[in-house]
Amino acid sequence: MLPILFRVYSPILMSWGIRNGLITASVLVFVAWFILSLVMGRSVSCGYTCPYGALQELLGMHLLKKKPRSLKADKIRYLVFVFFLIMVSYAILKVGGLQGVDLFASKGGPQLIILVTIFIVGISLISVLFGSRAFCRYLCPQGVFLTIGSKLGKKIKITSLHLKSDQDNCTECKLCDKFCPMGLNVSQMVTKKIMDNSNCILCGECIKKCPKKAITYSFGAED
Ligand code: SF4
Ligand code: SF4
């Protein structure tokens, strides 16, 4: 879907629009994703629909069999997020506010295609060097938006999607660790009974791969 979706959502599309005082479909999609993240966490975009996440997973996980390295670099994405917010605010002030709508960035022309191409090559390289979904894990500002939405949903105890574990069933085979595209130490999460992790995109791979059904989806208010 990437050739179609590149004009619908990406951080590049959103930034390009804002820089030119235009609301693009990407802004609207991410507002919707943020609202949905209160209930669905990061699954709505990162887990189920983001083509850039899929691209990184294909390259890093399936082609190169390379999981994201557990560099203690996860926090960088919060810095990127703050930088992103500052740049967006500055751009809005500079152009005097958002003044129009160009849903599919038709005014973007070749400049936008070049920017999106650089973005695609960039995230592909990051995945090749640092493993599956390394961009999601270490750099993506939109993932932080969804993490905030997810935390907010839990704070106000809204009914939401999350993982549930049963450590009595776990044999510590570590298959869940092997297949987690975000490189999480899932078996440890199960043993410690702490399944809430801001890097979990609720993709369900660990659920599918666990032979003992020690991990399940749960939909409800978390304790
Ligand atoms: S795959 Fe299942 S049984 Fe194996 S370590 Fe993970 S939770 Fe435990
Ligand atoms: S912990 Fe499970 S649901 Fe979360 S990202 Fe890893 S494989 Fe996906």
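Ligand 2 sits among Leu 163, Cys 180, Pro 181, Leu 184, Val 186, Cys 200, Ile 201, Leu 202, Cys 203, Gly 204, Glu 205 and Cys 206, where near means a heavy atom of the residue within 4 Å of the molecule. This is a predicted model, so local features need pLDDT of at least 70 and side-chain atom pairs count only at pLDDT 80 or more, while totals for chains, interfaces and linings use all residues. Residues are numbered from 1 along each chain as its sequence is written, chains are lettered from A and ligands numbered from 1 in the order in which they are written, and side-chain values use heavy atoms, with hydrogens and water left out.

**Ligand 2 shell**
- Sorted by class, the residues around ligand 2 come out as ten nonpolar, one polar and one charged.
- For the classes, Ala, Val, Leu, Ile, Met, Phe, Trp, Tyr, Cys and Pro are nonpolar, Asp, Glu, Lys and Arg are charged, and the others, Gly among them, are polar.

**Domains**
- The protein splits into domain 1 (2-152) and domain 2 (158-220), with bounds from an automatic or database domain assignment.
- Their contact (heavy atoms within 4.5 Å) takes 23 residues from domain 1 and 21 residues from domain 2.
- Between the C-alpha centres of domain 1 and domain 2 there are 25 Å.

**Helices H5 and H8**
- The axes of H5 (residues 76-94) and H8 (residues 141-155) come within 8 Å and cross at roughly 100°; axes are lines fitted to C-alpha atoms, for helices over the stretch in contact, with angles from 0 to 180 degrees between N-to-C directions.
- That angle is why H5 counts as roughly perpendicular to H8, a label for 65 to 115 degrees.
- H5 brings Arg 77, Tyr 78, Val 80, Phe 81, Phe 84 and Leu 85 to the contact, and H8 brings Pro 141, Gly 143, Val 144, Phe 145, Thr 147 and Ile 148.
- By class, the H5 and H8 contact residues are nine nonpolar, two polar and one charged.

**Two serines**
- Ser 127 belongs to helix H6 (residues 109-130); helices are DSSP runs of H or I with at least four residues, strands are E runs of at least two, and both are numbered from the N terminus.
- With a relative accessible area of 0%, Ser 127 is buried, meaning under 20% (1.4 Å probe, protein chains only).
- Leaving out residues up to four places away in sequence, Ser 127 touches Gln 56, Gly 60, Ser 132, Arg 133 and Ala 134.
- Ser 218 lies in strand S4 (residues 215-220) and is buried too, at 16% relative accessible area.

How values were computed: Buried < 20%, exposed > 50% of the residue type's maximum accessible area, 1.4 Å probe, protein only. Parallel < 35°, antiparallel > 145°, perpendicular 65-115°, else oblique.
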